[in-house]
Structure formats: C-alpha cells, structure tokens
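Please read them beside the sequence and the coordinates.

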Amino acid sequence: MRITSRMMVDNLRQNIYNNTESLASLQQQLASGKRLSKPSDDPQGVSLALTLRTTSAQYNQYLRNISSATDWLQATDSALDQISTVLTRARDVALQGATGTLDRASQEALGQEIDGYLHEAMQAVNSTQDGKYLLAGLQVGPGTAPFTEDSSGTSIVYNGDASVMEREIAPGVKLGINVCGDVSVGGDEVLTNGLQALLDMRNQLLNVGAVTAGQIDKLTTALNDVPSLRSVVGTNTQRLSDTQDALNSLQTNVTAELSQVQDADVAQVMTKLMMQESVYQAALNVGARVIQPSLLDFLTH
C-alpha cells in the first residue's frame, strides 16, 4: 500500500509538472506571438525557420547591394548628362569660333567661354558618389582625380584604370556598374577625346586663331558617342530594377513561409490555453483529494 500511495503521488506530481510546462509554453506563445522559442518545440520547424531566416538575410543583402548600385548608376548618368550638355553648348560656341571673320578680341572671348565649358566638363567627369570617383575604374580615391590637365596645359590625362566595379545582385549573379573614363566607342575614347577637343579649341582661340574643322569633328564625335555610354547605364539600371522586383517577390514568399512556420495562431493558442488551464485546475483538485489520504496511509503503515 505504501508503494502504491507513493506512486500515486509521484504520478500526480509529474502530471501537474507537465501541465505547468504546457501552460508556460502556451503563455510564452501568446506573449511573443511565436510558436517556436526553443529547438525542442519543433526540431524540424526550428531547422526550417533557421534556413528561411538565412535566405531572408541573403535577399536583404542583395537588395542593399542593388540599392547602392542603383544610386551609383544614377549618379553616373547624371554626370554623363551634364557632360553631354556642356559639349553641346561648347560645340555651338566652337562653330562661331571657326569662322575666319572674327577679330582676335572676339576669338579670345570665345576661348574664355570654351575654357569655362572645359572647367564644367572636368567637374562632371570627376564627379563622386559617397566620396568615390564615378569614372575612375577602381581608382576611386581619395587621391588624384581621374581626369587632369598635364603640366603644359596641352593634354588631358586619365589617371584611372579600366577595371570593372562589380556588385553581387543575386545568387551567383554579378553586375558591372561603372563606366571607366577611358571607355571607347568605335575605337574613340569618348570622354578623353571630348575633353581634349575642348582643351585644343580653348588653346587655339586664345593663342592662335580660328577653331579648326578637325577640332570641331573631334568634339562632335565625342558628343555623339556619349548617348552610347548612357544607354549602357540605362540598361544596367533596368536590370537592377527587374532583379529588385524579383527579389522583393521572393522575400515576400519567404516571409510568409517563415510566418507559417514560427508564428503562433493566437486564436488557437488562446483556445488551447483555456483548455490547459482547465486541465491544470482539475489536476490540482484531484491532487488535493489524493495527497492527504495517501499521506495518512503512508504514515500509518
């Protein structure tokens, strides 16, 4: 009888403990809104949740890379647009300076105007994004600007390189996002040639006389080639946008799946909690009736 009474008490105590654990788990789910708080809750579910969180973190990193790359390309397009505008205005002035009817004072005045456009163009090609030169390849700085005049004031020097700046925008997918300053279209270095044409025309008007047809042709070629560079930038920007849309869709699916795995169904949890509280109270009531006779039986034998 003593062994039977002790077993009854032990079993009752274990049942009450189990009920207490279940209550605590349900209360935790209700408070946190999460079904999973430790591996033992659902080992398979916890493993899947960890995988989904890792995937979500990777998607977030790709989206950050895309955002940064988009900002870089937009800044590059803005710089190229400014260059195109400057070259267009300079060409109009150059055509005026090509006539042989201007006197020296007029030619020099046009030379000063071309010098102003050269200054604007140099600012554009040496544009930065977050303190890094846009058109320098991987020689982004800080340091020497990608484009400078040589000490004699007769040549444009490119100080960058031809390296591609890549960003990973999806699993195993990298995209080059920069336009190098020495990029060629049809065998002509677009930016260097455009700047050199401005420099030559400035020096011509200030020191010699009328602008030559060759100088105008060189400027015109550079001006006509800039849209090709902007087209590449636009294509890459669109690719980033399409990839971003795809990643956002995937991220939405992962978030929904993760919610199904780890989030608690509040209504269901509340129902279970009320049922478990009833079971717990019933176990306590049974315990109150069993423990006293069992204890008395234990003490009298």
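1. Helix α4 gives the most to the lining of the largest cavity, with four residues. Helices are DSSP runs of H or I with at least four residues, strands are runs of E with at least two, and both are numbered from the N terminus. A cavity is a set of points, on a 1 Å grid over the protein atoms alone, where a 1.4 Å probe fits but cannot get out, and lining residues have an atom within 4 Å of a point. The model is a predicted one, in which local features need pLDDT of at least 70 and side-chain atom pairs count only at pLDDT 80 or more, while totals for chains, interfaces and linings use all residues. Residues are numbered from 1 along each chain as its sequence is written, and side-chain values use heavy atoms, with hydrogens and water left out.

2. The lining of the largest cavity consists of Ile83, Leu87, Val125, Val190, Leu191, Gly194 and Leu195. Two elements, α2 (43-97) and α4 (190-207), each give two or more residues to this lining. By class, the lining has six nonpolar residues, one polar and no charged; here Ala, Val, Leu, Ile, Met, Phe, Trp, Tyr, Cys and Pro count as nonpolar, Asp, Glu, Lys and Arg as charged, and the others, Gly among them, as polar. The volume of the largest cavity is about 40 Å³, and the structure holds two cavities of 30 Å³ or more. A volume is the space filled by probe spheres set on the grid points, which are joined across faces, edges and corners.

3. How many residues of α4 are buried? The count is 14 of 18, and the helix is mostly covered. Buried means under 20% relative accessible area, exposed means over 50%, and partly exposed lies in between, with a 1.4 Å probe and protein chains only. The expected span is 1.5 Å times one less than the number of residues.

4. Thr192 lies in α4 and counts as buried because its relative accessibility is 11%. Not counting residues up to four places away in sequence, Thr192 touches Phe147, Ile156, Tyr158 and Gly181. Contact means heavy atoms within 4.5 Å.

5. Helix α3 (residues 104-125) has 22 residues that should span 32 Å at 1.5 Å a residue, and its end C-alpha atoms are 31 Å apart, which agrees. The buried residues of α3 are Gln107, Leu110, Gly111, Ile114, Tyr117, Leu118, Ala121, Met122, Ala124 and Val125. They lie on the same side of α3, because they cover an arc of only 145° around the axis. The arc is that of the directions from the helix axis to the C-beta atoms. An α-helix has 3.6 residues a turn, so residues three or four places apart point the same way.

6. The exposed residues Ala105 and His119 are carried on the face of α3 turned away from its buried side. The cover over the buried residues of α3 includes α2, β3 (147-149), β4 (156-158) and α4.

7. Ser84 lies in α2 and counts as buried at 18% relative accessibility; leaving aside neighbours within four places in sequence, Ser84 is in contact with Leu223 and Val226. Ala49, also found in α2, counts as buried at 1% relative accessibility. Leu95 lies in α2 and is partly exposed, with a relative accessible area of 41%. The C-alpha atoms of Leu95 and Thr212 are separated by 9.4 Å, and the two residues are 117 residues apart along the chain.

8. The backbone at Asp130 deserves a check. Its phi is near 55°, a positive value in a residue other than glycine. Most residues other than glycine have a negative phi, and most peptide bonds are trans. Asp130 is placed in the loop between β1 (128-129) and β2 (132-133), and counts as exposed at 70% relative accessibility.

9. As to the whole protein, the secondary structure comes to six helices and eight strands. Of the 301 residues, 38% count as buried. Among contacts with a separation of 6 or more, 70% are between residues 24 or more positions apart.

Note on methods. 1 Å grid on protein atoms, 1.4 Å probe; cavity = no way out; pocket = protein on both sides within 12 Å on 5 of 7 lines; lining within 4 Å.
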